Amino acid sequence: MKHIIFGESHGPAIGVVLEHVPSGIVVDMDFIRAEMARRAPGKSPMSTARQEADEPHILSGVFEGKTTGTPLCAVIENTDTRSKDYAKLKDLPRPGHADYSGHVRYEGCNDYRGGGHFSGRLTAPLVFAGALAKLILKEKGVTVSAVISNVGGVADPTPEQVEEIVLAAKKDLDSVGGAIRCTVDGLPAGLGAPDYGRNVEGIFSQQLYAVPAVKAVAFGAGFGFAVMRGSQANDPFYMDGDAVRTRTNHTGGVNGGITNGMPVVFEVAIRPTPSIAQEQDTVDLSTGRDAKLIIEGRHDPCIVHRAVPVIEAAAALAACELLGI
Ligand SMILES: Cc1cc2nc3c(=O)[nH]c(=O)nc-3n(C[C@H](O)[C@H](O)[C@H](O)COP(=O)(O)O)c2cc1C
Ligand SMILES: C=C(O[C@@H]1CC(C(=O)O)=C[C@@H](OP(=O)(O)O)[C@H]1O)C(=O)O
């Protein structure tokens with residue numbers, strides 16, 4: 001299964017085309033809508049004020065409630081755009097966002113309104129694709145679930161702590177980052193390979209780094225391995241009936257680029273939102289001079305809580321790839 005995400009944040013619509021979807025998958029729209037709602041903007045003071053229904057319109061690839069196996073196209077309308085907030089960003093790129101790198105890469109032809117194709121808005125069709133992937137994985141006994149593992153330096157925060165930290169950053173005209181831990185359960189041992197392009201960590205990472213604001217991916221103990229001894233790091237094997245299992249899972253379910261039958265566990269770091277309301281230094285691309293920038297518009301003071309279903313979606317697509325779907 002391959003997917004391509006299309007659209008810009010302030011264009012008429014965004015969407016996804018999936019090809020090689022297995023035929024006969026029952027497209028549970030209640031489940032898909034619930035997944036989309038977990039990510040949708042405008043739901044709390046901790047998120048952007050932009051209001052979008054995020055209702056997916058399926059144009060092809062589904063007939064009588066089931067996938068046909070031919071290309072599946074889903075479109076999501078953009079209705080609450082306010083492009084005037086972005087007028088000055090044509091010449092004044094936002095530090096941390098993709099305005100400057102996108103301008104260079106696309107020779108000034110990039111749609112800078114709302115971040116264009118770089119916007120976190122493009123994760124709405126990704127969540128649609130991920131929801132479909134989860135429906136496929138369910139039939140194979142594979143589940144994907146993620147939680148917030150850090151916000152603003154506080155590990156495994158309670159929902160109340162998340163709210164307090166995010167709203168404090170917002171009050172300071174600032175933003176805050178964090179991390180998400182994701183578990184993929186039910187993948188059999190023996191998937192993947194050690195080689196370039198085929199190893200489990202690489203397949204997951206390709207999907208995860210395509211999510212805007214993801215800045216690090218670590219499997220199992222991750223950077224913690226750097227300060228462990230072998231006796232602490234190794235996961236001892238034992239027999240659980242007929243199944244080979246490990247007592248700990250520091251390695252995050254992967255050895256030598258191949259699943260070992262334990263849950264695949266990884267953590268991603270999410271950067272603080274680039275668009276903050278404080279005055280910042282930038283450059284004026286029209287004059288070639290240093291400049292000051294005050295960003296207007298409606299931005300997420302934190303991305304972490306909104307990205308939890310997005311990380312699950314990326315992981316579900318990676319799990320399908322590993323299973324040869
Ligand atoms: C769900 C989601 C919401 C986001 N909301 C914002 C936002 O409101 N303002 C902003 O500047 N960046 C936001 N971002 C992050 C930018 O899209 C991202 O930082 C930018 O495209 C540059 O990509 P990079 O951080 O991966 O380098 C969001 C990302 C996601 C996944
Ligand atoms: C619209 C969404 O988030 C947007 C992501 C985003 C960015 O730069 O990534 C910037 C803001 O866009 P705008 O200025 O158009 O409101 C967010 O609202 C969404 O996630 O659906």
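Trainee: Is Leu-285 buried, partly exposed or exposed?

Mentor: First, some conventions: this is a predicted model, in which local features need pLDDT of at least 70 and side-chain atom pairs count only at pLDDT 80 or more, while totals for chains, interfaces and linings use all residues. Residues are numbered from 1 along each chain as its sequence is written, chains are lettered from A and ligands numbered from 1 in the order in which they are written, and side-chain values use heavy atoms, with hydrogens and water left out. As to the terms, buried means under 20% relative accessible area, exposed means over 50%, and partly exposed lies in between (1.4 Å probe, protein chains only). Leu-285 has a relative accessible area of 30%, so this residue is partly exposed.

Trainee: Where does Leu-285 lie?

Mentor: Helices (H or I, at least four residues) and strands (E, at least two) are DSSP runs, numbered from the N terminus. Leu-285 is in the loop between β16 (280-284) and β17 (289-293).

Trainee: How does one read the buried side of a helix, and which residues of α4 are buried?

Mentor: An α-helix has 3.6 residues a turn, so residues three or four places apart point the same way. In helix α4 (residues 159-171), the buried residues are Val-162, Val-166 and Ala-169. They are on the same side of α4, because they cover an arc of only 60 degrees around the axis; the arc is that of the directions from the helix axis to the C-beta atoms. Glu-160, Glu-164 and Lys-171, on the other side of α4, are exposed.

Trainee: Against what do the buried residues of α4 pack?

Mentor: They pack against β7 (143-151), where contact means heavy atoms within 4.5 Å.

Trainee: Which residues of α1 are buried?

Mentor: In α1 these are Met-29, Ile-32, Glu-35, Met-36 and Arg-39. Seen down the axis of α1, they fall within an arc of 125 degrees and therefore line one face of the helix. The buried residues of α1 pack against β3 (57-60), β6 (72-77), α3 (123-138) and α7.

Trainee: What does Pro-309 touch?

Mentor: Not counting residues up to four places away in sequence, Pro-309 touches Glu-35, Arg-38, Arg-39 and Val-127. Pro-309 belongs to helix α7 (residues 304-322) and counts as buried, at 3% relative accessibility.

Trainee: How many salt bridges does a search of the whole structure find?

Mentor: A salt bridge is a side-chain nitrogen of Lys or Arg within 4 Å of a carboxyl oxygen of Asp or Glu. The search finds 20 salt bridges. One of them joins the side chains of Arg-38 and Glu-35 (3.2 Å, N to O). Both residues lie in helix α1 (residues 29-39), 3 residues apart, which is about one turn of the helix. Arg-38 is partly exposed, with a relative accessible area of 37%, whereas Glu-35 is buried, at 7%.

Trainee: Are Arg-50 and Glu-52 buried or exposed?

Mentor: Arg-50 counts as buried at 8% relative accessibility, and Glu-52 counts as buried at 8%. Their side chains meet in a salt bridge (3.0 Å, N to O). A network of salt bridges links Arg-39, Arg-50, Glu-52, Asp-54 and Arg-121.

Trainee: What is the state of the pair Arg-82 and Asp-85?

Mentor: Arg-82 forms a salt bridge with Asp-85, and the closest N and O atoms are 3.0 Å apart. Arg-82 is partly exposed, with a relative accessible area of 34%, while Asp-85 is buried, at 7%.

Trainee: What is phi near in Glu-107?

Mentor: Most residues other than glycine have a negative phi, and most peptide bonds are trans. In Glu-107, phi is positive, near 50 degrees. Glu-107 is placed in the loop between α2 (99-105) and α3 and counts as exposed, at 71% relative accessibility. Asp-156, although not a glycine, has a positive phi of about 40 degrees. Asp-156 is found in the loop between β8 (154-155) and α4 and is partly exposed, with a relative accessible area of 45%.
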